Amino acid sequence: MISRGFFVRASILALATVTPLSSVAAQETTGTDTSAVKGDWPRGSLGDLRFFVDAALYRGVQGFALQEFYTLLDARQLQFVPERGSFVAQIDLSMTIADVDGQIAGEEVWTRNFSVDDLRELKETGGVVRDQIGFSLKPGRYQVTFVVEDIYGDTQGSVEAPLTVEDFESAGLISSGILFASEVTQSEEAGRFVRNGWEVVPKITRIFKTEEPVRFYHELYNLSPGSDPGAFDIRYLLLNEAGVPVSDPVDHRFKKGGESAVLIDSIGTAGLEAGRYLLEIQSLDLDNKAQTRRKSAIFLQAEEKADEGLTDDQKTSLTYYRHIKWVSEENDLNVYEALEGLEARDRFLKVFWKRIDPTPSTDINEKLIEHIRRMRYADNNFSGSHRQEGYDSDKGRVYVKYGPPSDREYRSAVDSVKPYEVWTYDEQGNYEFVFRDRRGIGVYDLVHSTY
């Protein structure tokens, strides 16, 4: 059941470190108990650009901790533009950390560029964009604001969350934050995701497939000198949300090589159903009997099966049925996107579409039929460039939400003015939507609306 790869190092290099959003329990005389709570990382963004942010805390230089943040974004959302035989996208990222008095404790703005040769392949297979940034912070409570903007696509998303930075120096025996990993390999070279000789590619969503082992990295601090050589015990457990163990414990005993240690391991998930669980790490210093534990949430997701026995047209209609981004309220959309697995999402959709059915007492849902018709029209008629489907373009979004306009006015390029269209909706109150081909590539962006 357990994959046993692990590594212990005598001492950890001095790092600038800051904690993730973890709930910090009161100190005990035998150590520290740091538990995961609802509202913990990872966080999903709000806005048109969807991404995830995870965080982990490590000890830093004296008086500070190193708070690391890890981001994940699907590149298919981005607007790519032609450049020298390839296609390029650009995002601007900004992060601000303010203390309880509103004073800026950390701030950074940076840009990432991405280039692909084949947009069709990107659209079909997807492209994962990961990034990482760290801040040295003093112990305390903070507010984090993280914004990502697609420069060419003119969309953005944001994450705002509270942050608690722990005091590692006076805590006694204590574990760092837990960094969940999609890949772990030894590396002698420096790199964005290399820590202490290991490249740990973060599993930013913390979503693991059922039957897939959960891999993770953490550090242990403030081990006592003790006897020579001295030793400490580590135990790993998976708990359900009620705190009840659902896995066999994984136990290790290590000899001390210093006052800190680096540990990499994994725990199996065989026999567990899809859902939210807690990984608990228990540590015991055998010399002074100090103990510490840390919990952090993970998510198990069942392997999704393809929709079998459906024609291509039926599969397309099912895609439209599941695409509620432009017709749902933000609260509904957040709940829907937080659900794991098609079965749970389809149960939600059944209730959602019934709730907005204008004639719920009949077998025909006119709202759903019209939604699928609009999605199909937008998909077939509005270019979303190679980054998106037609129904996810600006024109497609407006069409799916409001239907066909009462009037369309088209103007071709004149002098330095790019081609543009004006859609008018008289029935909704004489509103206008103005779309312009700003980049001259046939993709019309919404540049103005009176709605």
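This is a predicted model: local features need pLDDT of at least 70, side-chain atom pairs count only at pLDDT 80 or more; totals for chains, interfaces and linings use all residues.
**View 1**
On the α2 side, the contact is made by Asp313, Thr316, Ser317, Tyr320 and Tyr321. Helix α5 contributes Leu368, His371, Ile372, Met375, Arg376 and Asp379. Sorted by class, the residues of this contact are five nonpolar, three polar and three charged.

**View 1. Glutamate 421 sits in strand β25.**
This strand spans residues 420-425. Is glutamate 421 buried or exposed? Its relative accessibility is 12%, and buried means under 20%, so glutamate 421 counts as buried. Its side chain makes a polar contact of 3.0 Å with the side chain of tryptophan 423. Setting aside neighbours within four places in sequence, you will find glutamate 421 in contact with Lys395, Arg408, Glu409, Tyr410, Phe433, Val434, Phe435 and Tyr444.

**View 2. Four strands form an open sheet with antiparallel pairing.**
Strands β3 (43-44) and β10 (128-137) are the edges, each pairing on one side only. Zoom in on strand β6 (residues 65-74), which pairs with β10 in the antiparallel sense over 10 bridges. Which residue of β10 does glutamine 67 stand opposite? The residue facing glutamine 67 is phenylalanine 135.

Conventions. Residues are numbered from 1 along each chain as its sequence is written. Side-chain values use heavy atoms; hydrogens and water are left out. Contact means heavy atoms within 4.5 Å. Helices (H or I, at least four residues) and strands (E, at least two) are DSSP runs, numbered from the N terminus. Ala, Val, Leu, Ile, Met, Phe, Trp, Tyr, Cys and Pro count as nonpolar, Asp, Glu, Lys and Arg as charged, and the others, Gly among them, as polar. Buried means under 20% relative accessible area, exposed over 50%, partly exposed in between (1.4 Å probe, protein chains only). A polar contact is a pair of N or O atoms within 3.5 Å; within protein, one must be able to donate a hydrogen and the other to accept it, and residues adjacent in sequence count only if both atoms are side-chain atoms. Two strands pair if DSSP finds at least two bridges between them.
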